[in-house]
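I opened a new notebook page for this model.

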Amino acid sequence: MVYAARPLICRTQGLPIRFAPPGGRTLPVVDACPKNFVGEDLPSIEASSILDQTTLSTVLAALDMAHADASGRPRGERVAIAAVLSGGA
């Protein structure tokens, strides 16, 4: 364990990510693991360096569907990334 309370953003990506906060219509926010951006202001991060959560989720879902169809495994099944990259999953 690196520190006692690891924020969700650190556990999920660690990279800057744009997402819509839960609970209704609000503008998307950008957040990042504070351990990765000590002394940096999040608004100063270049837009091209920020992951968009909606786009990322859409791409991952499409890859999951395509891989499930090609491999015959159930959709949503967890697969080691090394197996996917080697073509073994």
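Before placing any residue, I noted that a helix here is a DSSP run of H or I at least four residues long, and helices are numbered from the N terminus. By that rule, Leu-60 belongs to helix α2, which covers residues 53-71. I also noted that the model is predicted.

Entry on the sheet. I found an open sheet of 3 strands in the order β2-β1-β3, and its pairing is mixed. β2 (29-31) and β3 (51-52) stand at the edges with a single partner strand each, so one side of each has no neighbour in the sheet. I reminded myself that strands of a sheet pair through backbone hydrogen bonds, in a parallel or antiparallel way. Strand β1, residues 17-19, runs parallel to β3, and the two are joined over 2 bridges. Within this pair, I saw Ile-17 opposite Leu-51 of β3.

Entry on the largest pocket. How much space lies in it? I wrote down about 390 Å³. Which helix gives the largest share of the lining? It is α2, with 4 residues. Helix α3 (81-86), like α2, supplies at least two. Sorted by class, the lining has 5 nonpolar, 2 polar and 4 charged residues.

Key: Residues numbered from 1 in each chain as written. Predicted model: local features only at pLDDT ≥ 70, side-chain atom pairs only at ≥ 80, totals over all residues. Heavy atoms only, no water. Pairing = 2+ DSSP bridges. 1 Å grid on protein atoms, 1.4 Å probe; cavity = no way out; pocket = protein on both sides within 12 Å on 5 of 7 lines; lining within 4 Å. Points joined across faces, edges and corners; volume = space filled by probe spheres on them. Nonpolar A, V, L, I, M, F, W, Y, C, P; charged D, E, K, R; others polar.
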